[in-house]
Amino acid sequence: MRCYVYKSLKKSDTYLYLGRKDCFDVVPDRLKVLFGKPDFVLEFELTEGRTLSQADAGQVMTSLNEQGYYLQMPSQTCTFA
């Protein structure tokens, strides 16, 4: 499956994966507002066994098939002083 990735210019380390290039009509309006203007960064072939740096390929594929998009947000890390 082809996958198209956009980064948020509003929220750092936040990415939107789409199953069709520039097909933002599948993204809820509220998410579009929070995400801000998308900046295209990458197109690749997404397969079940592919290693992604911040997401599980299977979950991304499921989300793309069911919703048409996948939102990747920065992981929350706790630090103790």
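**Group meeting: cores, strands and salt bridges**

Hi everyone, let's start inside: the largest nonpolar core has 12 residues, namely Cys-3, Val-5, Tyr-17, Phe-44, Leu-46, Leu-52, Ala-55, Ala-57, Val-60, Met-61, Leu-64 and Tyr-70. Helix α2 (57–66) and strand β1 each give at least two residues to this core, and the largest share, 4 residues, is from α2. By nonpolar core I mean a set of buried Ala, Val, Leu, Ile, Met, Phe, Trp, Tyr and Cys residues joined through side-chain atoms within 4.5 Å. Buried is under 20% relative accessible area, exposed is over 50%, and partly exposed is in between (1.4 Å probe, protein chains only). In soluble globular proteins, nonpolar side chains tend to be buried together.

Please keep in mind that this is a predicted model: local features need pLDDT of at least 70 and side-chain atom pairs count only at pLDDT 80 or more, while totals for chains, interfaces and linings use all residues. Residues are numbered from 1 along each chain as its sequence is written, and side-chain values use heavy atoms, with hydrogens and water left out.

Which residues does Ala-57 touch, not counting residues up to four places away in sequence? Those are Leu-46, Thr-47, Glu-48, Arg-50 and Leu-52, where contact means heavy atoms within 4.5 Å. There is also a second, separate core of 8 residues, with Tyr-4, Leu-16, Val-27 and Leu-31 included.

Now to strand β1, which covers residues 2–8. Helices (H or I, at least four residues) and strands (E, at least two) are DSSP runs, numbered from the N terminus. Because 5 of its 7 residues are buried, β1 is largely enclosed by the rest of the structure. Its pairing with β3 is antiparallel, over 7 bridges; two strands pair if DSSP finds at least two bridges between them. Lys-7, for instance, has Asp-39 in β3 as its bridge partner. On to strand β2 (residues 15–18): β1 is joined to it by 4 bridges, again antiparallel, and Tyr-4 stands opposite Leu-18 in β2. The hairpin of β1 and β2 has 6 residues between the strands, and there Asp-13 takes a positive phi near 60°.

Have a look at Ser-8, also in β1. Is Ser-8 buried or exposed? Ser-8 is buried, with a relative accessible area of 7%. A polar atom of the Ser-8 side chain lies 2.4 Å from the backbone oxygen of Phe-35. Leaving out residues up to four places away in sequence, Ser-8 touches Thr-14, Phe-35 and Lys-37.

Finally, the charged pairs. How many salt bridges does a search of the whole structure find? The search finds 3, with a salt bridge being a side-chain nitrogen of Lys or Arg within 4 Å of a carboxyl oxygen of Asp or Glu. Arg-2 and Glu-43 meet in one at 3.0 Å, N to O. That pair links distant parts of the chain, 41 residues apart, with Arg-2 in β1 and Glu-43 in β3 (residues 38–45). Arg-2 also meets Glu-45 in a salt bridge, at 3.1 Å, N to O; here the partners, in β1 and β3, are 43 residues apart. Arg-2 is partly exposed at 34% relative accessibility, and Glu-43 is partly exposed at 37%.

The remaining pair is Asp-29 with Lys-32, whose closest N and O atoms are 3.7 Å apart. Because they sit 3 residues apart in helix α1 (residues 29–35), about one helical turn separates them. Asp-29 is exposed, at 58% relative accessible area, whereas Lys-32 counts as partly exposed at 32%. As for Arg-2, Glu-43 and Glu-45, salt bridges that share partners join them into one network.

Notes. Polar contact = N/O pair within 3.5 Å; in protein donor to acceptor, adjacent residues only side chain to side chain.
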